[in-house]
Amino acid sequence: MNARLFALVALLGAATAACSDSAGSCTQTQGTTMFCAEYGGDVSSDNAQSSCSAGRGTYSSGACSTTNRVGRCATTTTSGGTRITSTVSLYSPLTDAEARQFCTLLSGTYTSG
Amino acid sequence: MSFARAALPWALAAALAVISMVSLARRVLPPPGRAVASTRPSLQPSPAPSLPRARVAPARVDLPPRAPLPTAATRPLERDPAPPAMEAVWHRIASLRARLDALEGDGGEIGQAAAAALRTIEVPRILEEAGISDEPFAAHLAAYRDAVADGGLPDALRASLFTDDERERLRLLDAVHALQRSGAEGRADAGVVR
C-alpha cells in the first residue's frame, strides 16, 4: 500500500515538473538591493544557471521566495517573435518606492506586495 | 521474256532510289567551292567590289581572369556574412548593451541593480535565441583566447582553427560574456574574438 502511494506521489511530482515551463530563478544582491528573477519562456536551466553564476547570483530550480517581498516587477520582451514575461521579486530593506523605481527603470509593470 | 518482266519492277525501283538519293544530296551538301556555313541565302547585298572596304576587327571580349574561389584559409574573416538569425541576435546584444549602459550610467544603486536584473533575465534568452549553450563553448573560447594572445595569429591560420559557424558563435558568446561584465570593463573586453 505504501509502495503504491509512493509511486502515485512520484508520478504526480514528475507530471508537475514536466508541465512547468520555468527554468528556475536567480537571487542576487547589489549593495542593499536584493532581488530574485524568475526566468520566463523557453530558457534552458543550463543557460539560466550559468548566467546566474556569472552575475554572482544563487540559482534555484524553484520559484522566488515570498518572504520579505516588497513587490514584483513584470517585464516583457520579445524573443524570436514571441512575447515573454519575466518576473523580478524585490525584497526589503528596499522600500516600495525604490522597488517601483527599479521596475520603472526596467520598463516593467509593478505590483506591491 | 519472263525474266525481263520479272526484273522490270526491280530496275524501276532501283532507278527511283538513285534519283531520290541524288536529289537529297544536292539539298544537304553544299555545292563545290562554297563553305558549309554559307549555305543559307544571305539577305545582305554584297559590297561593291570597287569601294575599299574598311577592315573591322572582330569583336573580342576579354574576360577578366577568374579569381580563385574563397576557401576557409583565404576568406577574410571580417567579411563573413552573418546568417539572418545571428544578425537578429547581434541586434539584441547591441540593444541590451545600450540599455545596460543607460542603467549603469544612472550611477545609483537602484540603476546598478536594475542592470544586473536585466542581465540575469536577458542573457540566457540571447543564448537560447542563438542556439548555443554556454558550457560546450567555454573550452573552445578559452583555447581561442590562448591562440590569439601575444599579437594574434595570421588570419589564414586563425581561420583554419574553426569553421565559419563556430567562429560566429564564439564571437557571439564572447560578446555575451562581455555583457555580463559591468560597465567599462565589459565594453573594453568586447571584441576579443574577431
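Helices and strands here are DSSP runs, numbered from the N terminus. The structure described is a predicted model.

**A residue between β2 and α2 of chain A**

A:Y39 lies in the loop that runs between β2 and α2 of chain A. A residue counts as buried if 20 or more other C-beta atoms lie within 10 Å of its own. A:Y39 has 28 C-beta neighbours inside 10 Å and therefore counts as buried. A:G24 is 15 residues away from A:Y39 along the chain, and their C-alpha atoms are separated by 6.0 Å.

In α2(A), the buried residues include A:N47, A:A48, A:Q49, A:S51 and A:C52. Just after α2(A), A:R56 has a positive phi of about 60°.

**The contact between the chains**

Chain A contributes 32 residues to the contact and chain B contributes 23 residues. On the side of chain B that touches chain A, α3 (109-130) and α4 (134-148) of chain B each supply at least two residues. The largest share of that side, 18 residues, comes from α3(B). By class, the side of chain B that touches chain A has eleven nonpolar, five polar and seven charged residues.

One residue of chain B with partners in chain A is B:A117. Apart from its neighbours within four places in sequence, B:A117 is in contact with A:F35, A:A37, A:V88 and A:L106.

**The largest nonpolar core**

The largest nonpolar core has 44 residues. Those with the most contacts inside this core are A:L90, A:F102, B:A114, B:A117 and B:V176.

α3(B) gives the most, with twelve residues.

**Two helices of chain B**

How do the axes of α3(B) and α6 (residues 164-180) of chain B cross, and within what distance do they come? The axes cross at roughly 175° and come within 11 Å. α3(B) and α6(B) are therefore roughly antiparallel to each other.

On the α3(B) side, the residues that meet α6(B) are B:R119, B:V123, B:I126, B:L127 and B:A130. They meet B:R169, B:L172, B:V176, B:L179 and B:Q180 in α6(B). This contact of α3(B) with α6(B) has seven nonpolar, one polar and two charged residues.

Technical notes:
Residues numbered from 1 in each chain as written. Chains lettered and ligands numbered in written order. Predicted model: local features only at pLDDT ≥ 70, side-chain atom pairs only at ≥ 80, totals over all residues. Contact = placed C-beta atoms within 7 Å. Helix = DSSP H or I, 4+ residues; strand = E, 2+ residues; numbered from the N terminus. Nonpolar A, V, L, I, M, F, W, Y, C, P; charged D, E, K, R; others polar. Axes fitted to C-alpha atoms, helices over the stretch in contact; angles between N-to-C directions. Parallel < 35°, antiparallel > 145°, perpendicular 65-115°, else oblique. Core = buried A, V, L, I, M, F, W, Y, C linked by C-beta atoms within 7 Å. Buried ≥ 20, exposed ≤ 12 C-beta atoms within 10 Å, placed from the backbone.
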